[in-house]
Amino acid sequence: MDIDFVRSRFIKHFDGTTGAIYTSPGRINLIGEHTDYNGGFVFPGAVDKGMMLEIKPNGKDKVCAYSIDLKDYVEFGLNEEDAPRASWARYIFGVCREMIKRGVEVKGFNTAFAGDVPLGAGMSSSAALESAFAFALNDQFADNKIDKFELAKVGQATEHNYCGVKCGIMDQFASVFGKEESLIRLDCRSLEYRYFPFKPQGYRLVLVDSVVKHELASSAYNQRRQSCENVVAAIQKNHPEVEFLRDCNLEMLEAVKNDITEEDYKRAKYVIEEIQRVLDVCDALEKNDYETVGQKMYETHYGMSKLYEVSCEELDFLNDVAFDCGVTGSRVMGGGFGGCTINLVKNELYETFITTAKERFKAQFGRSPKVYDVVIADGSKRLV
Ligand code: GLA
């Protein structure tokens, strides 16, 4: 993303003056999918693609927002009843409201923003947008600064309260806390986190984007969360101390098998196993044991496809191609229902894998997947 590009649009759209510029990244996640809202572990990192915005208080009581990419302009007030219709503007409105709820005296402002996180690729373009605005509003308007965790929670609450997605904390956390060449293991129950240097020798991470985006993804996501809560409720009858699936093991799940649906059973089994896989991958990484990391990634894909059922034909196909090419690890990344696979590939296999994936995908589905090399980068910051 280019500062001059965003600035030139801001100047053109508003009164010719300039403001402050902020950026927040999208994310990848090496392993730990659908574990965040179950109090488990995740292992994301921020990427070198994100959202950039310019902002300047305008002395009025309204927000004037311009989406450079969509060439769309929206104005809204800062009161609860002023929610805009345009979905992109609801993210900004939601962040304003959530900051106000936390005591920040948000005033009217002009803003223009643009992004280079591919939409619908499972790289959290919406979290990047929320985090960029939360970070900017905190810097511009807060007398008592909100801490970084609370900024991540502002983005999450925006999804819950204004966009209808009952997401966990992973995406916004990664966007705010990202660090160059590091993955971050977050315990989503205690919120303890630890940076792991990630500079694999002889391997690369690459995303292959199926360019599939399912319209019903957010309702399917909320249903998955509901299934997890159903199982927790059943287990709580025997174990009242249990709060999340994080607190459960497979024996506890087996004990309630007859009290829950087959579907809920499969969902919970995946989550319990996935939480353990994150810990296993972190251990393996510390020993530079990439074979184990890769094997766990394939196990995650299997679980997401067959138990959690958030994969799709195109993603299963890309996973099979990776396996056939001898790729070390491959799996669907993010919420699922479309988007990318994340692949851990030996350097010498990279070219063959990418060429084969493109050719075979095109032959099967009649269009080419997109490919993004992963560069792990810093989290939210002010640039100018
Ligand atoms: C989406 C959500 C996250 C997380 C992932 C799945 O990206 O926003 O909170 O649940 O799906 O791991």
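**Notes on the ligand site and helices**

1. Let's start at the ligand: Arg27 puts a polar side-chain atom 3.1 Å from one of its oxygen atoms. That is a polar contact, meaning a pair of N or O atoms within 3.5 Å. Tyr221 also has a polar side-chain atom by a ligand oxygen, at 2.6 Å, while for Gly335 a backbone N or O atom lies 3.4 Å from a ligand oxygen. On its own the ligand has 310 Å² of accessible area, and the protein covers 91% of that (Shrake-Rupley method, 1.4 Å probe).

2. Before going on, keep in mind that this is a predicted model: local features need pLDDT of at least 70, side-chain atom pairs count only at pLDDT 80 or more, and totals for chains, interfaces and linings use all residues. Numbering runs from 1 along each chain as its sequence is written, and side-chain values use heavy atoms, with hydrogens and water left out.

3. Who else sits around the ligand? The residues there include Glu33, His34, Asp36, Tyr37, Cys167 and Asp171, where near means a heavy atom within 4 Å. By class the shell has 4 nonpolar, 4 polar and 4 charged residues; Tyr and Cys count as nonpolar here, and Gly as polar. Domain 1 (3–199 + 378–382) and domain 2 (203–374) each supply at least three residues of the shell, with the bounds taken from an automatic or database domain assignment.

4. On to the helices, which are DSSP runs (H or I, at least four residues) numbered from the N terminus. Helix α3 (residues 125–141) has 17 residues and should span 24 Å at 1.5 Å a residue; its end C-alpha atoms are 24 Å apart, so the two agree. The expected span is 1.5 Å times one less than the number of residues. α3 is mostly covered, with 13 of its 17 residues buried (under 20% relative accessible area; exposed is over 50%, partly exposed in between, 1.4 Å probe, protein chains only).

5. The same check on helix α8 (residues 262–286): its 25 residues should span 36 Å, and the end C-alpha atoms are 37 Å apart, which agrees. Asn288 follows α8 and has a positive phi, near 55°.

6. Met99, in helix α2 (residues 87–101), is buried at a relative accessible area of 0%. Val154 is 55 residues away from Met99 in sequence, yet their C-alpha atoms are 6.8 Å apart.

7. Leu250 belongs to helix α7 (residues 250–255) and is partly exposed, at 30% relative accessible area. From Leu250 to Leu349, 99 residues along the chain, the C-alpha separation is 37 Å.

Conventions: Helix = DSSP H or I, 4+ residues; strand = E, 2+ residues; numbered from the N terminus. Polar contact = N/O pair within 3.5 Å; in protein donor to acceptor, adjacent residues only side chain to side chain.
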